[in-house]
Amino acid sequence: MKKEILIGFLVGIAANVAGSYLYIYFFSGYTLKSTIEISLEQDIFGSLIALGALLNLIVFFIFLKKKQFYRARGVVLATVLAAIIVLISKFY
């Protein structure tokens, strides 16, 4: 049970990172490093993380369709962690 939640959590984190990277790659005219620097300067780093979290939605429903409910819980935990990071970045 705990192993399945951990797997889902790690998949959720990886999906979030991949989603953020894909957004930067396809929609940003800058390199990865410069996009992160610009987003930190303009206080929109949380928005990048939130856009990356959209990919978690797809992973979540895949786990639900395969009846892997504990892994889906792990993805939800990863999404909650992303939301906490977004809140910290917005109000810090």
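Reader: Which residues line the largest pocket closest to its centre?
Author: In this predicted model, 15 residues line the largest pocket, and N16, V17, S20, F45 and I49 lie nearest its centre. The elements giving two or more residues to that lining are α1 (2–27), α2 (32–41), α3 (45–65) and α4 (69–91). Helix α1 has the largest share, with 6 residues. The space in the largest pocket comes to about 250 Å³.

Reader: What makes up the lining of the largest pocket, nonpolar, polar or charged residues?
Author: It divides into 13 nonpolar and 2 polar residues, with no charged ones.

Reader: On to the rings. Why is the pair of Y23 and F27 called tilted?
Author: The structure holds 4 aromatic pairs. For Y23 and F27, the ring centres are 5.5 Å apart and the planes sit at 40°. A pair needs centres within 6.5 Å, and planes under 30 degrees apart would be stacked while over 60 would be edge-to-face. Y23 and F27 are both in helix α1, 4 residues apart, or about one turn of the helix.

Reader: Why does Y23 count as partly exposed?
Author: Y23 has 32% relative accessibility. Buried means under 20% and exposed means over 50%, so a value in between is partly exposed. F27, at 65%, is over the 50% mark and therefore exposed.

Reader: And what makes the pair of Y25 and F26 edge-to-face?
Author: Their planes are at 80°, with ring centres 5.1 Å apart. The centres pass the 6.5 Å limit for a pair and the angle is over 60, so edge-to-face it is. Y25 and F26 also belong to one aromatic cluster together with Y21.

Reader: How do you know that Y25 and F26 are exposed?
Author: Y25 has 55% relative accessibility and F26 has 57%. The cut-off is over 50%, so both count as exposed.

Reader: Where is K67, and why does K67 count as exposed?
Author: K67 is in the loop between α3 and α4. Its relative accessibility is 64%, which is over 50%, so K67 is exposed. Phi of K67 is positive too, near 60°, and K67 is a residue other than glycine.

Definitions and conventions: Residues are numbered from 1 along each chain as its sequence is written. This is a predicted model: local features need pLDDT of at least 70, side-chain atom pairs count only at pLDDT 80 or more; totals for chains, interfaces and linings use all residues. Side-chain values use heavy atoms; hydrogens and water are left out. On a 1 Å grid over the protein atoms alone, a cavity is a set of points where a 1.4 Å probe fits but cannot get out, and a pocket is an open set with protein on both sides within 12 Å along at least five of seven lines; lining residues have an atom within 4 Å of a point. Grid points are joined across faces, edges and corners, and a volume is the space filled by probe spheres set on the points. Ala, Val, Leu, Ile, Met, Phe, Trp, Tyr, Cys and Pro count as nonpolar, Asp, Glu, Lys and Arg as charged, and the others, Gly among them, as polar. Rings of Phe, Tyr and Trp (its six-membered ring) pair if their centres lie within 6.5 Å; planes under 30 degrees apart count as stacked, over 60 as edge-to-face and the rest as tilted. Buried means under 20% relative accessible area, exposed over 50%, partly exposed in between (1.4 Å probe, protein chains only).
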